[in-house]
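Visitor: I am new to this one. Could you walk me through it, step by step?

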Amino acid sequence: MRTARVVMTAVKTADIQECEIPDRPAAGHLLIRSEATVISAGTELANWLGTDATVHEPGYWNSYPWIAGYGNVGTVLAAGAGAERFAPGTRVFTHGPHASAFHHDAARLVVPVPPDVEPGLAA
């Protein structure tokens with residue numbers, strides 16, 4: 001499956017990059033199609049501006065290039081073995097990236113979102 005995601009590549013530089021991800025998630029993971037994401041005015045802004053020193057140190061969670069995002073509302077497309085409690089079609093909030101689709105560990109934060117809740121509000 002083709003997806004697009006936001007990647008911070010350097011100070012004050014964010015790119016939209018396309019990549020291929022598997023159509024089937026691994027055991028314990030979900031494949032999610034995004035509806036909305038929220039941008040953090042704290043952490044993500046600090047990383048984009050380069051004010052967090054670790055963006056310049058290889059090996060840190062936010063070192064460049066960094067796949068941005070951690071507030072995402074989307075719809076489960078598929079569930080890997082052991083993650084079937086989130087059936088395809090379930091709307092969820094996760095700490096997912098700014099991406100059109102992504103894989104997410106179902107053991108990490110996954111919160112069902114009612115269908116009548118606006119995605120931007122839920123994010």
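Visitor: Let us start with Arg 91: is Arg 91 buried or exposed?
Guide: Keep in mind that this is a predicted model. A residue counts as buried when its relative accessible area is under 20%. Arg 91 has 12% relative accessibility, so Arg 91 counts as buried.

Visitor: Which side chain meets that of Arg 91 in a salt bridge?
Guide: Side chains of opposite charge can pair when their charged atoms come close. For Arg 91 the N to O distance in the salt bridge is 2.9 Å, and the partner is Glu 35.

Visitor: How many residues apart in sequence are Glu 35 and Arg 91?
Guide: Glu 35 counts as partly exposed, at 37% relative accessibility. Glu 35 belongs to strand β3 (residues 29–37) and Arg 91 to strand β6, so their pairing ties together parts of the chain whose separation in sequence is 56 residues.

Visitor: What is the order of the strands in the open sheet?
Guide: Strands of a sheet pair through backbone hydrogen bonds, either parallel or antiparallel. Here the pairing is antiparallel, and the open sheet has five strands. Their order is β7-β3-β5-β6-β8.

Visitor: How many bridges join strand β5 to strand β6?
Guide: Strand β5 covers residues 72–79 and strand β6 covers residues 91–94, and the two run antiparallel. As a landmark along this pair, Gly 74 stands opposite Val 92 in β6. The number of bridges joining β5 and β6 is four.

Visitor: How many residues are in the largest nonpolar core?
Guide: In soluble globular proteins, nonpolar side chains tend to be buried together. Among the members of this core are Leu 30, Ile 32, Val 76, Val 92 and Phe 102, and β3 and β5 each supply at least two of its residues. Beyond neighbours within four places in sequence, Ile 32 is in contact with residues including Val 76, Val 92 and Phe 102. The number of residues in the largest nonpolar core is 10.

Visitor: Which residues are linked in a network of salt bridges?
Guide: Arg 2 in strand β1 and Glu 18 in strand β2 are 16 residues apart, and their side chains meet in a salt bridge of 3.3 Å, N to O. The side chains of Glu 20 and Arg 2 also meet in a salt bridge, at 3.6 Å. Both Arg 2 and Glu 18 are exposed, and Glu 20 is exposed too. The network links Arg 2, Glu 18 and Glu 20.

Key
Residues numbered from 1 in each chain as written. Predicted model: local features only at pLDDT ≥ 70, side-chain atom pairs only at ≥ 80, totals over all residues. Heavy atoms only, no water. Pairing = 2+ DSSP bridges. Salt bridge = Lys/Arg side-chain N within 4 Å of Asp/Glu carboxyl O. Buried < 20%, exposed > 50% of the residue type's maximum accessible area, 1.4 Å probe, protein only. Core = buried A, V, L, I, M, F, W, Y, C linked by side-chain atoms within 4.5 Å. Contact = heavy atoms within 4.5 Å.
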